[in-house]
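Please keep the sequence and the model in view while reading.

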Amino acid sequence: MSNIDRQLFEATTTSFSYKIGVFGVVLLLLWIGIFKFTPTEAAEIKPLVLNHPLMGWLYSVLSVQGVSNLIGLSEIIIGIGLAYSFMSPKTGLLFGAISSVLSMVTLSFLITTPNTWKIVDGIPTTSFFLVKDILFLSVSLRVVEHNRKISALLILKDNEQ
């Protein structure tokens, strides 16, 4: 077994913790994405989207439910793409990057939405629904790193032959 083959084997043998992390993000993206198709969630996210400088314009083109459906569909597609990343490093690179952007946009709601931060018993608090994206961002970036390494090794292996 060549050095590249050994490295490729090690890179593609993902750890249990990596699989659990990606599975957790996939599960939550699918779950949250499906929930976006409900009127309750559409109303809940409206203040977040409406106050965002890059997204608020969506309400001039789509209804409240339409915007929520679009976001939900995006989350579902990203979740499926991340799940497929176990079988395709190129897909992993793409959807890891897209998922990272999604997480950063969600985290930016903490800055762009009025009254997101509150003081409760002297402690600053916010919506934990938004804060979860710190972990999503970490896992998404790990998906990018993991699949970039595999892709690079596959290119080296192709050049070796």
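**A guided reading of the model**

T113 is found in the loop between α5 and β1 (118–120); helices (H or I, at least four residues) and strands (E, at least two) are DSSP runs, numbered from the N terminus. The model is a predicted one, in which local features need pLDDT of at least 70 and side-chain atom pairs count only at pLDDT 80 or more, while totals for chains, interfaces and linings use all residues. Residues are numbered from 1 along each chain as its sequence is written, and side-chain values use heavy atoms, with hydrogens and water left out.

With a relative accessible area of 10%, T113 is buried; the term buried means under 20% relative accessible area, exposed means over 50%, and partly exposed lies in between (1.4 Å probe, protein chains only). Residues up to four places away in sequence not being counted, T113 touches P47, L48 and N51, where contact means heavy atoms within 4.5 Å. The loop between α5 and β1 also holds N115. N115 is exposed, with a relative accessible area of 65%, and has a positive phi of about 60° although it is not a glycine. A positive phi, of about 50°, is also found at D121, which is not a glycine. D121 lies in the loop between β1 and β2 (123–125) and counts as exposed at 78% relative accessibility.

The chain as a whole may now be considered. The protein chain has seven helices and two strands, and along the sequence these follow the pattern α-α-α-α-α-β-β-α-α. The C-alpha trace spans about 60 × 40 × 25 Å along its principal axes. Of the 161 residues of the protein chain, 40% count as buried. Among contacts between residues at least 6 apart in sequence, 72% join residues at least 24 apart.

How do individual helices pack against one another? Helix α3 (residues 39–50) and α4 pack with their axes 9 Å apart and at an angle of about 90°. Axes are lines fitted to C-alpha atoms, for helices over the stretch in contact, and angles run from 0 to 180 degrees between N-to-C directions. The angle makes α3 roughly perpendicular to α4; angles under 35 degrees count as roughly parallel, over 145 as roughly antiparallel, 65 to 115 as roughly perpendicular and the rest as oblique. On the side of α3 the contact is made by P39, E41, A42, A43, I45, K46 and V49, and on the side of α4 by V64, Q65, V67, S68 and I71.

S68, found in helix α4, counts as buried at 0% relative accessibility. Leaving aside residues up to four places away in sequence, S68 touches K36, E41, A42 and I45. S68 and S17 are 51 residues apart in sequence and 32 Å apart in space, C-alpha to C-alpha.

The contact is made by Y18, G21, V22, V25, L28 and L29 of α2 together with F136, V139, R142, V143, H146 and N147 of α7.

Aromatic rings form the last topic. Rings of Phe, Tyr and Trp (its six-membered ring) pair if their centres lie within 6.5 Å, and planes under 30 degrees apart count as stacked, over 60 as edge-to-face and the rest as tilted. By this rule the count comes to one aromatic pair. The rings of Y18 and F86 have their centres 6.1 Å apart and their planes at 85°, so the pair is edge-to-face. Because Y18 lies in helix α2 (residues 16–35) and F86 in the loop between α4 (64–84) and α5 (89–112), the pair ties together parts that are 68 residues apart in sequence. Y18 is buried, with a relative accessible area of 9%, whereas F86 is partly exposed, with a relative accessible area of 40%.

Charges over rings complete the account. A charge sits over a ring if NZ of Lys or CZ of Arg is within 6 Å of the ring centre and within 35 degrees of the ring normal. K46 lies over the face of Y59, 5.9 Å from the ring centre. The charged end of K132 sits over the ring of F129, at 4.1 Å from its centre.
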